[in-house]
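Please open the structure in a viewer and keep the sequence panel beside it. The stops below say what to select and what to look for.

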Amino acid sequence: MQSLGIDVLFKGTNAIRLLKGLWVSVEISIISVAISIVLGLVIGVLMTSKNRIMRFVLRAYLEVVRIMPQMVLLFIVYFGTTRVFGINISAELSAIIVFVFWGTAEMGDLVRGSIKSIPRIQYDSAYALGLNKFQVHFFIIFPQTIRRLIPLSINLVTRMIKTTSLVMMIGIVEVLKVAQQIIEANRKASPNAAFGVFVVVFLLYFLVCWPISRFAVKLEKRWT
Amino acid sequence: MDLNVLRSYIPLYNEALLLTLKTGLLGILTAFAIGLSGAAAIYFNVPVVKKVLGIYIELFRNTPLLVQLFFIYFALPKLGLRISAETCGILGLGLIGGAYMIETMRSGLFSIDRVQSESALSLGMTDRQVFFHIILPQAFSVSMPGIMANVIFLLKETSVFSTISLMDLMFTAKDLIGMYAKTIECLFLLVIYYLIMLLPVSILGSIIERRVRYAEFGD
Amino acid sequence: MSELVKVKHLHKEYGRNVVLKDINLSVKKGEVVVIIGPSGCGKSTFLRCLNGLEEIQGGVITVDGLPVEPEKKDISNIRQKIGMVFQSYDLFPHKTVIENAILAPILVQKRIRDDVVREALELLDKVGLADKKDYYPRQLSGGQKQRVAIVRALLMHPDVLLFDEVTAALDPEMVHEVLQTMQELAKTGSTMIIVTHEMAFAKAVADRIVFFDQGEIVEEARDVKKFFEEPETERAKRFLKTFAYE
């Protein structure tokens with residue numbers, strides 16, 4: 001395997017460094033997803049509100065998030081805030097802010113969609129049985145919404161893990177950056193390291209994301 | 001914000017927008033071609049192809065475009081396959097987009113009621129005629145919102161091209177910030193140019209979605 | 001008269017589940033055969049076999065002397081001889097009424113467009129839908145859709161028409177207009193094989209009744225009136241009872 005450069009990974013602590021880099025990506029994703037889910041639940045319920053202004057504002061927020069590439073948002077938060085407000089935000093914090101900003105909107109839309117997908121007859125028949133408003137929402141609508149929501153929000157997790165690959169652009173040393181460093185350091189000794197190392201990074205991402213998305217598909221099939 | 005700075009940057013951004021659009025559209029066309037032929041192959045249950053497509057879809061949907069581009073641009077040359085940054089961007093976008101497009105069009109094809117193809121067959125149409133005249137047009141309009149969402153996703157993903165030194169919008173902004181430190185102006189223009197590129201597509205997408213959802217054929 | 005449709009020892013199964021066993025039936029030109037029987041008795045599957053929409057595990061089906069074999073290349077030629085109308089959703093939603101009607105004659109039979117359009121308009125006029133020619137299916141009522149489907153099948157000049165519970169999905173007030181169209185067709189001498197649950201209609205239109213139960217032909221009656229008054233078999237008697245309200 002000398003010629004394909006996989007051997008580089010067995011030198012010193014290279015393999016462990018790479019995995020540590022992967023953990024940085026996963027860590028940022030987990031923190032961002034956790035916050036996004038909580039905020040998304042609130043935003044999602046507000047998105048179904050009867051207040052037109054509220055709906056319009058949230059719709060605009062969602063559209064902005066949908067249209068702007070995450071990389072642009074990262075640059076705005078990381079470089080822009082320093083210039084405008086003179087505060088220095090760490091790269092990690094910038095990344096989490098951007099992912100939460102993005103994740104909350106997406107999660108909110110999923111929540112909105114799940115609530116809207118409950119047929120009217122479910123409300124009607126629950127009220128007809130004499131349940132009050134709280135009981136209808138808590139015992140009838142909420143459980144059904146959650147079932148639709150969970151597979152979809154798991155997909156959001158994999159999207160987020162994939163998107164964390166961008167944070168190397170604002171200087172966070174995650175798996176891709178570590179990979180570049182390893183390749184650079186071994187440029188002379190094994191000139192083909194780029195092949196082996198990038199294949200491994202590709203597979204690492206796949207091995208993290210694939211089981212999660214299979215799991216989401218399974219849940220979706222079982223629950224619908 | 002310095003208006004003179006903005007004015008002097010605009011030509012550079014225009015050039016970058018053009019390059020972004022060009023590579024983006026070529027990538028999307030590639031993705032569309034892969035999507036259509038892949039979905040058709042799955043629909044007709046072509047034995048080996050179906051398996052291969054399954055692996056391809058899982059691989060490319062579960063890895064980031066950035067990593068795919070690094071692989072194509074930095075790793076493949078070690079095997080003797082050297083391609084330009086532009087081709088790499090188009091190819092990468094086409095491959096990741098193709099995986100998403102197959103899924104979108106496949107679910108469109110399978111959403112069409114079986115009696116549609118049966119009644120077309122009973123009129124004496126061949127499998128090919130049924131596919132092109134009856135199933136595909138209906139599946140296409142069902143898939144349209146999904147296809148538009150993919151197009152927006154792919155146009156956004158072009159921002160990753162900057163990492164392989166393709167002089168797109170993102171690259172230009174980063175470059176100018178690095179050289180002259182006019183951060184605010186550069187980021188402002190960056191946002192404006194992405195809006196110019198994506199807002200029309202997004203609006204078109206929601207119009208199409210509303211059409212498909214509420215009106216279908218005949219209103 | 002010549003025998004148009006001939007079925008000999010037809011056997012059909014899904015895995016281990018036998019749905020049609022040893023079916024023998026022949027239909028002459030101009031004859032109207034009505035197939036009745038309880039749900040799941042295999043009568044719809046039988047019609048689908050006649051049109052090559054189902055693979056069969058045994059026996060022979062011929063139409064106009066040609067064997068119906070789903071896997072063969074010329075199956076589309078044979079299908080042109082057989083018109084079929086389904087329960088519902090069989091109009092093409094992306095095409096207007098007239099486009100639905102003329103598509104196959106032009107595409108499959110390569111007939112001249114103007115001729116086909118003229119003929120289509122005549123037929124639409126006969127079923128009272130000439131003014132709806134540019135409507136899309138979703139703008140029509142269920143009964144109107146089924147009448148268009150009949151016109152579409154007729155335009156192919158088939159030798160025999162198959163009707164698979166064409167009124168089963170319709171609102172009650174739409175049923176009559178569709179049955180009337182079919183009855184007029186029967187009067188003009190068309191060969192028809194009809195699967196239906198409408199007993200009064202069956203009585204009125206049939207030259208022969210075929211009673212299916214559990215995948216086999218239990219009773220065949222040329223004397224239609226007698227069949228409905230006192231059928232020969234116990235199973236037919238029991239089935240007909242379910243339609244009475246005493």
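The model is predicted, so local features need pLDDT of at least 70 and side-chain atom pairs count only at pLDDT 80 or more, while totals for chains, interfaces and linings use all residues. Residues are numbered from 1 along each chain as its sequence is written, and chains are lettered from A and ligands numbered from 1 in the order in which they are written.

**Stop 1: chains A and B**

Colour by chain. Of the two pairs of chains that touch, chains A and B have the most contacts; two residues are in contact if their C-beta atoms, placed from the backbone, lie within 7 Å. Chain A brings 31 residues to this contact and chain B brings 29. Now select helix 2 (52-67), helix 3 (70-85), helix 6 (133-163) and helix 8 (193-223) of chain A, each of which supplies at least two residues of the side that touches chain B. Helices (H or I, at least four residues) and strands (E, at least two) are DSSP runs, numbered from the N terminus. Helix 8 of chain A gives the most, with 11 residues. This side of chain A has 21 nonpolar, six polar and four charged residues. Here Ala, Val, Leu, Ile, Met, Phe, Trp, Tyr, Cys and Pro count as nonpolar, Asp, Glu, Lys and Arg as charged, and the others, Gly among them, as polar.

**Stop 2: chain C**

Select chain C next: 22 of its residues are in contact with 19 residues of chain B. Helix 2 (75-81), strand 6 (82-85) and helix 3 (97-107) of chain C are the elements that give two or more residues to this side. By class, the side has 14 nonpolar, five polar and three charged residues. Chains A and C share no contact, and their closest C-alpha atoms lie 22 Å apart.

**Stop 3: two helices of chain A**

Show helix 4 (residues 91-116) and helix 6 of chain A, which pack at an angle of about 155° with their axes 9 Å apart. Axes are lines fitted to C-alpha atoms, for helices over the stretch in contact, and angles run from 0 to 180 degrees between N-to-C directions. That angle makes helix 4 of chain A roughly antiparallel (over 145 degrees) to helix 6 of chain A. Residues making the contact include Phe99(A) and Gly103(A) of helix 4 and Thr145(A) and Arg148(A) of helix 6. The contact has nine nonpolar, four polar and two charged residues.

**Stop 4: the core**

Which residues touch the most other members of the largest nonpolar core? Among its 189 residues, they are Leu74(A), Ala179(A), Val197(A), Leu190(B), Val34(C) and Ile35(C). A nonpolar core is a set of buried Ala, Val, Leu, Ile, Met, Phe, Trp, Tyr and Cys residues joined through C-beta atoms within 7 Å. A residue is buried if 20 or more other C-beta atoms lie within 10 Å of its own, exposed if 12 or fewer, and partly exposed in between.

Centre on Val197(A): leaving aside neighbours within four places in sequence, its contacts are Gly5(A), Val8(A), Leu9(A), Ala179(A), Ile182(A) and Ile183(A).

**Stop 5**

Select His9(C) in strand 1 (residues 3-14) of chain C. His9(C) is not a glycine, yet has a positive phi of about 50°. His9(C) counts as exposed because it has 11 C-beta neighbours inside 10 Å.

Finish at Gln214(C), in the loop between strand 9 (208-213) and strand 10 (216-221) of chain C. Gln214(C) also has a positive phi, near 50°.

Conventions
Parallel < 35°, antiparallel > 145°, perpendicular 65-115°, else oblique.
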